[in-house]
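Subject: Structure handover

Dear colleague,

I am passing on a structure that you have not worked with before, and below it I have set out what was found in it. Please read the notes with the structure open beside them.

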Amino acid sequence: MAAAAAAAALAAADPPPAMPQAAGAGGPAARRDFYWLRSFLAGGIAGCCAKTTVAPLDRVKVLLQAHNHHYKHLGVFSALRAVPQKEGYLGLYKGNGAMMIRIFPYGAIQFMAFEHYKTLITTKLGVSGHVHRLMAGSMAGSDLLYSPGMTAVICTYPLDMVRVRLAFQVKGEHTYTGIIHAFKTIYAKEGGFLGFYRGLMPTILGMAPYAGVSFFTFGTLKSVGLSHAPTLLGRPSTDNPNVLVLKTHINLLCGGVAGAIAQTISYPFDVTRRRMQLGTVLPEFEKCLTMWETMKYVYGHHGIRKGLYRGLSLNYIRCVPSQAVAFTTYELMKQFFHLN
């Protein structure tokens with residue numbers, strides 16, 4: 001879900017204005033060449049930067065969500081201190097390699113999906129303003145049949161599964177020695193190819209509210225800010241002075257707010273997904289075979305605050321810098337790749 005942030009910066013922008021033709025190879029006409037590739041790179045880079053920034057928080061979140069027996073008695077900050085003490089500082093980055101392989105195409109494809117749907121909704125349905133951002137954001141994350149965003153989820157989901165398995169391991173108790181070994185083991189012992197897709201249903205159901213609210217909130221904050229205080233909050237884009245963009249620190253603030261609101265709404269689905277992804281690693285595996293069984297188990301044994309919302313405070317801490325870095329990096333990449 002957090003990969004939606006890589007694409008969400010576009011939510012506030014209207015379709016790129018037509019640039020005047022210019023002579024020479026370096027003019028706007030030349031910049032439009034390979035627009036899809038430049039868009040793909042911008043979204044992928046933004047997603048990787050955001051995830052690397054919060055990788056230590058992601059590791060601790062997985063440990064807390066699934067009640068790892070080494071850390072289940074700890075709170076957020078005590079767990080952040082305990083992991084380096086027990087596993088070294090590199091322990092905070094367990095599973096990040098698989099995350100980088102997954103997040104680059106995921107964030108890039110989801111961004112392209114949002115751009116496609118925003119244009120489609122505006123031209124075919126005649127819907128514009130805040131509503132078309134909310135609709136496009138939700139479709140980019142949740143259309144089951146036709147969305148490139150959902151295609152990205154399905155194609156990269158096995159990498160997310162492996163990343164969570166690696167992140168849940170504690171030093172001295174390794175089931176998997178690395179990414180390749182994890183793939184081979186899961187395939188051989190957990191039902192072959194389908195074994196990599198445990199937890200896909202809560203992922204799908206959680207994407208619509210997360211992506212929709214994230215796109216909508218950031219887009220609304222950006223458009224309202226630039227409409228009412230363009231001089232205070234905005235500045236001309238470096239690659240197109242006719243386009244007004246938010247100042248960097250305002251981007252960070254708006255991105256953080258958008259992330260916090262979206263995460264709160266979709267968080268129980270995230271907890272459910274993580275527990276299902278861990279599968280046979282957890283002792284209660286046979287009681288959590290479906291999404292509803294997993295939710296009932298977590299609620300029945302741990303309640304709402306310590307179960308369905310366990311680690312939410314950490315999620316606020318991680319999602320604010322994650323969304324902020326994603327939005328800001330993407331805005332910079334749009335200018336670097338001349339996408340405005």
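The buried residues of helix 4 are Ala 55, Pro 56, Leu 57, Asp 58, Arg 59, Val 60, Lys 61, Val 62, Leu 63, Leu 64 and Gln 65. That makes 11 of the 11 residues of this helix, residues 55-65, so helix 4 is largely enclosed by the rest of the structure. Just after helix 4 comes His 67, which takes a positive phi of about 55 degrees. Please keep in mind throughout that this is a predicted model.

For the chain as a whole, the secondary structure comes to 15 helices and two strands, and 57% of the 340 residues are buried. Among contacts between residues at least 6 apart in sequence, 75% join residues at least 24 apart. The accessible surface of the chain comes to about 14600 Å², and 68% of this belongs to carbon and sulfur atoms.

Another salt bridge joins Arg 163 to Asp 160, with the closest N and O atoms 3.7 Å apart. Both of these residues lie in helix 8 (residues 148-168), where Arg 163 and Asp 160 are three residues apart, about one turn of the helix. In general, an α-helix has 3.6 residues a turn, so residues three or four places apart point the same way. Arg 163 counts as buried at 4% relative accessibility, and Asp 160 counts as buried at 1%.

A further salt bridge is formed by Glu 190 and Arg 165, whose closest N and O atoms are 2.8 Å apart. Glu 190 lies in the loop between helix 9 (179-189) and helix 10, and Arg 165 in helix 8, so the pair ties together parts that are 25 residues apart in sequence. Both Glu 190 and Arg 165 are buried. Through shared partners, salt bridges also join Lys 61, Asp 160, Arg 163, Asp 270, Arg 273 and Arg 274 into one network.

The 29 residues of helix 10 should span 42 Å at 1.5 Å a residue, and its end C-alpha atoms are 42 Å apart, which agrees. For helix 13 (residues 291-302), the 12 residues should span 16 Å, which agrees with the 16 Å between its end C-alpha atoms.

In helix 13, Met 291, Thr 294, Met 295, Tyr 297 and Val 298 are buried. Seen down the axis of helix 13, its buried residues fall within an arc of 160 degrees, so they line one face of the helix. The cover over these buried residues includes helix 10 (200-228), helix 12 (248-278) and helix 14 (304-308), whereas the face turned away from the buried side carries the exposed residues Trp 292, Lys 296, Tyr 299 and Gly 300. Helix 13 is followed by Gly 303, whose phi is positive, near 80 degrees.

With best regards

Terms used. Residues numbered from 1 in each chain as written. Predicted model: local features only at pLDDT ≥ 70, side-chain atom pairs only at ≥ 80, totals over all residues. Heavy atoms only, no water. Helix = DSSP H or I, 4+ residues; strand = E, 2+ residues; numbered from the N terminus. Expected span 1.5 Å × (residues − 1). Buried < 20%, exposed > 50% of the residue type's maximum accessible area, 1.4 Å probe, protein only. Arc of directions from axis to C-beta. Contact = heavy atoms within 4.5 Å. Areas by Shrake-Rupley, 256 points an atom, 1.4 Å probe, with all protein chains shown as cover. Salt bridge = Lys/Arg side-chain N within 4 Å of Asp/Glu carboxyl O.
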